[in-house]
Amino acid sequence: MAAEWGAVPGRLRGRNVLDLFRPRATAQLDRLGEALRLGHRSRYRVEVCWLPVGADGAEREGELLVDPVGEPSPTYPMLLVVLRVRAAGPTPPVAPPVAEVSEVEARILALAATGATTAAVGKAVGLTVDGVNYHLARLTRRWRVPNRTALVAKAYVLGVLSPGRWPPEPAGQRVRSTQSPHMPPEGTR
């Protein structure tokens, strides 16, 4: 926070925060003042803007995190104030991570997302229980997750499963084909 004002840490101690920042909504300050008056000891957030030193008229935005410290005081409470500066300009959208899984793994994940047992998943995809466990354990290690629930959640995050669909189904575009040239297409056996 001190850098925004061209100062070194500790030089703003004892300053009135309202001399440095302008709150976006005065209602936030009213709630904070009332809470401090009542002796509440929670963390409070206040949306603020300011003109930093040497900003050439460019207003900055951020959030103050206000924590009461020390003993409650009826006059001037001691506050620890931390500034979170918002990045200038709109942040570019972040592309979702890409994960490649086999068709079988995608089907196993979709069935696991429905809550199917390992035996039921195996029956549906034509694998033994050990085969299903092999694929689940392999994905668990690859994606570094602790359990089956986290594995399904990660499959949604990585775009392997289509969000907003029930029953869950593979998203399709990130599934790599594992069809063997020596095996007939599925459904013709």
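Me: Helices here are DSSP runs (H or I) of at least four residues, numbered from the N terminus. With that settled, where is Ile108 found?
Reply: Ile108 sits in helix 3. Keep in mind that this is a predicted model.

Me: Got it. Is Ile108 buried or exposed?
Reply: Ile108 counts as buried, because its relative accessibility is 0% and the cut-off for buried is under 20%.

Me: And what is Ile108 in contact with, apart from its neighbours within four places in sequence?
Reply: With those neighbours left aside, the contacts of Ile108 are Val121, Val125, Leu127, Val132, His135 and Leu136.

Me: Let's zoom out to the largest nonpolar core. How many residues does it have?
Reply: The largest nonpolar core has 22 residues, and those with the most contacts inside it are Leu109, Trp143, Leu151, Val160 and Leu161. At least two residues of this core come from each of helix 3 (103-113), helix 4 (118-125), helix 5 (129-142) and helix 6. Helix 3 gives the largest share of this core, with six residues.

Me: Which residues does Val160 touch, not counting those up to four places away in sequence?
Reply: On that count, Val160 touches Ala99, Val101, Leu109, Trp143, Ala155, Glu169, Pro170 and Ala171.

Me: Where does Val101 lie, and is Val101 buried or exposed?
Reply: Val101 lies in strand 5 (residues 101-102). With a relative accessible area of 0%, Val101 is buried. The C-alpha atoms of Val101 and Ala155 are separated by 9.7 Å, and the two residues are 54 residues apart along the chain.

Me: What about Ser162, where is its place?
Reply: Ser162 is in the loop between helix 6 (148-157) and strand 6 (175-176). Even so, Ser162 is buried, at a relative accessible area of 14%. Not counting residues up to four places away in sequence, Ser162 touches Tyr156, Glu169, Pro170 and Ala171.

Me: And Arg144, buried or exposed?
Reply: Arg144 counts as exposed, because its relative accessibility is 77% and exposed means over 50%. Arg144 is in the loop between helix 5 and helix 6, and its phi is near 55°, a positive value in a residue other than glycine.

Me: Changing topic: which order do the strands of the open sheet come in?
Reply: The order is 1-2-3-4, with four strands and antiparallel pairing. Strand 1 (22-23) and strand 4 are the edge strands, each pairing on one side only.

Me: How many bridges join strand 2 to strand 3?
Reply: Seven bridges join strand 2 to strand 3, and these strands run antiparallel. Opposite Val46 stands Leu64 in strand 3. Helix 2 packs on the sheet, touching strand 1, strand 2, strand 3 and strand 4, and its direction makes about 140° with that of strand 2.

Me: Nice. Which residues of helix 2 are buried, and which are exposed on the other side?
Reply: The buried ones are Gln28, Leu32, Ala35 and Leu36. They cover an arc of only 95° around the axis, so they share the same side of helix 2. Thr26, Asp30 and Arg37 are exposed on the other side. The buried residues of helix 2 pack against strand 2 (44-50), strand 3 (60-69) and strand 4 (78-85).

Me: Last one: what follows helix 2?
Reply: Gly39 follows helix 2, and its phi is positive, near 85°.

Notes:
Residues numbered from 1 in each chain as written. Predicted model: local features only at pLDDT ≥ 70, side-chain atom pairs only at ≥ 80, totals over all residues. Heavy atoms only, no water. Buried < 20%, exposed > 50% of the residue type's maximum accessible area, 1.4 Å probe, protein only. Arc of directions from axis to C-beta. Contact = heavy atoms within 4.5 Å. Core = buried A, V, L, I, M, F, W, Y, C linked by side-chain atoms within 4.5 Å. Pairing = 2+ DSSP bridges. Axes fitted to C-alpha atoms, helices over the stretch in contact; angles between N-to-C directions.
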